[in-house]
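The exercises below are to be worked with the sequence and the coordinates side by side. Each one sets a task and then gives a solution in steps.

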Amino acid sequence: MSTAVPTDRERTAVQAYLRLLHTVRAALDTRSGPPGPVGPPLVPPSVLAEAETALARAGLAGNEEVFFRMLRDWYPGP
């Protein structure tokens, strides 16, 4: 686990990403019907825009390796 304290912008980026992740998971969980190919889950544009904006403000846009390392350290998940 990282010992560095996240900045407010980094924390905001992680929180926005987690909201996006939970939104996509919820969209996937609510799809039902016969097995077979289905389209991608619908994600509200505002949720995606929030995550993109937060990543850009934290200086993490285009630097996924650093972002996902931070995410793993701060939110190890289930």
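**Exercise 1.** In which helix do Arg69 and Glu65 lie, and how many residues apart are they?

*Solution.* The model is a predicted one, in which local features need pLDDT of at least 70 and side-chain atom pairs count only at pLDDT 80 or more, while totals for chains, interfaces and linings use all residues. Residues are numbered from 1 along each chain as its sequence is written, and side-chain values use heavy atoms, with hydrogens and water left out.

Step 1: Arg69 and Glu65 both belong to helix H3, 4 residues apart, which is about one turn of the helix; helices here are DSSP runs of H or I with at least four residues, strands are runs of E with at least two, and both are numbered from the N terminus.

Step 2: An α-helix has 3.6 residues a turn, so residues three or four places apart point the same way.

Step 3: The side chains of Arg69 and Glu65 form a salt bridge with an N to O distance of 3.2 Å, the criterion being a side-chain nitrogen of Lys or Arg within 4 Å of a carboxyl oxygen of Asp or Glu.

Step 4: Glu65 is exposed because its relative accessible area is 60%, and Arg69 counts as partly exposed because its value is 37%; buried means under 20%, exposed over 50%, and partly exposed in between, with a 1.4 Å probe and protein chains only.

**Exercise 2.** Find how many salt bridges a search of the whole structure gives, and describe those that involve helix H1.

*Solution.* Step 1: The search of the whole structure returns 3 salt bridges.

Step 1: Asp8 pairs with Arg11, the closest N and O atoms being 2.9 Å apart, and both residues lie in helix H1, 3 residues apart, about one turn of the helix. Asp8 counts as exposed because its relative accessibility is 57%, whereas Arg11, at 34%, counts as partly exposed.

Step 2: Glu50 pairs with Arg19, with 2.6 Å between the closest N and O atoms. This pair links distant parts of the chain, since Glu50 is in helix H2 and Arg19 in helix H1, 31 residues apart. Glu50, at 32% relative accessibility, counts as partly exposed, and Arg19 is partly exposed with a relative accessible area of 39%.

**Exercise 3.** Determine which residues of helix H3 are buried, and what covers them.

*Solution.* Step 1: Within H3 (residues 64-74), Phe67, Met70 and Leu71 are buried. Seen down the helix axis, the buried residues of H3 fall within an arc of 100 degrees, so they line one face of the helix; the arc is that of the directions from the helix axis to the C-beta atoms.

Step 1: Glu65 and Arg72 are exposed on the other side of H3.

Step 2: The cover over the buried residues of H3 includes helix H1 (8-30) and helix H2 (45-57).

How values were computed
Contact means heavy atoms within 4.5 Å.
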